[in-house]
Amino acid sequence: MIDFHCHLDLYPNALELLPVVAKRNKFTLAVTTSPRAWQITSQKFRKFENIKVALGLHPEVAERKIAEHGLMISLIPETRYIGEIGIDGSKEYANSLDTQERLFRDILTECNRHGRKILSIHSRNATSRVLDLVERNLSDGVAVMHWFSGSLKEARRAVAIGCWFSVGPAMVRSKKGRDIVHEIPPDRILPETDGPFVTLGENLLMPWDAISIADTLSFVWKVTRNEVQERLRLNLGNLLDEETGL
Ligand code: MN
């Protein structure tokens, strides 16, 4: 029904998938990994009103695509949706940490200057750095922490500074992920898949599979599955600040 973070352009049969996703999901946020990819993808996806394409420069490719830094910043006024952006503090990307941080800070600053942006943020192994930068640089806009994997203390801090969270089936499969879900206020959660990089058994997770987190939420919130769906729809409407008519 809602997938607030997937890489729809990277599915093997993306273009054929579009009408199916548009029909099965009420809303899908297709994040991109570079501003050039955003330019192409937002053109190709433009017929589908309930699929929004977010402008991104993924931290894992920040170093390789740093030539697109200026393009990234210059395109920010053209869309409300920004992602995938953020910092990856894993060993493989240690060499590019400074570049990643500079890029992320510049993006946040520019988003803040324009206001009301919705940002889908990657923070693996860099939660505190990401939260520091969000807290300092984004007062007008919403940071949606994608697949949050920080500590419970960091989760509480993220909540306190106003972050939202997109939570997927892979995250709620782990005890740690479920513990984090307990920390997040129910009115700050949206479902995500992060597909096609996540599998469900042998199959690729599809954008409509995001709702499989409903069982976990129903258990944690002690409400029915229908009430979970209703809550998530309300959340989406509140975040987008509009009547979604879902
Ligand atoms: Mn992703």
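**Salt bridges and the parallel sheet**

In this predicted model, R156 is partly exposed, its relative accessible area being 45%. The salt-bridge partner of R156 is E183, and the closest N and O atoms of the two side chains are 3.0 Å apart. Because E183 lies in helix α8 (residues 175–183) and R156 in helix α6 (residues 152–160), the pair ties together parts that are 27 residues apart in sequence. E183 is likewise classed as partly exposed, with a relative accessible area of 26%.

The count of salt bridges in the model comes to 12. One of them joins R36 to E68, with a distance of 3.7 Å between the closest N and O atoms. Here R36 belongs to helix α2 (residues 35–44), whereas E68 is found in the loop between β3 (51–54) and α3 (69–75), so that parts 32 residues apart in sequence are tied together by the pair. E68 has a relative accessibility of 6% and therefore counts as buried, the cut-off for that class being under 20%.

A further salt bridge is formed by R129 and E101, whose closest N and O atoms are 2.2 Å apart. This pair links distant parts of the chain, since R129 is in helix α5 (residues 127–137) and E101 in helix α4 (residues 97–114), 28 residues apart. The two partners fall into separate accessibility classes: R129, at 35% relative accessibility, counts as partly exposed, while E101, at 18%, counts as buried.

Turning to the strands, an open sheet is made up of five of them, which follow the order β4-β5-β6-β7-β8 and pair in parallel. The edges of this sheet are formed by β4 (81–86) and β8 (189–191), each of which pairs on one side only. On average, and with direction ignored, neighbouring strands of the sheet are turned by 25° against each other. In general, the strands of a sheet pair through backbone hydrogen bonds, in either a parallel or an antiparallel manner.

Technical notes
Residues numbered from 1 in each chain as written. Predicted model: local features only at pLDDT ≥ 70, side-chain atom pairs only at ≥ 80, totals over all residues. Heavy atoms only, no water. Salt bridge = Lys/Arg side-chain N within 4 Å of Asp/Glu carboxyl O. Helix = DSSP H or I, 4+ residues; strand = E, 2+ residues; numbered from the N terminus. Buried < 20%, exposed > 50% of the residue type's maximum accessible area, 1.4 Å probe, protein only. Pairing = 2+ DSSP bridges. Axes fitted to C-alpha atoms, helices over the stretch in contact; angles between N-to-C directions.
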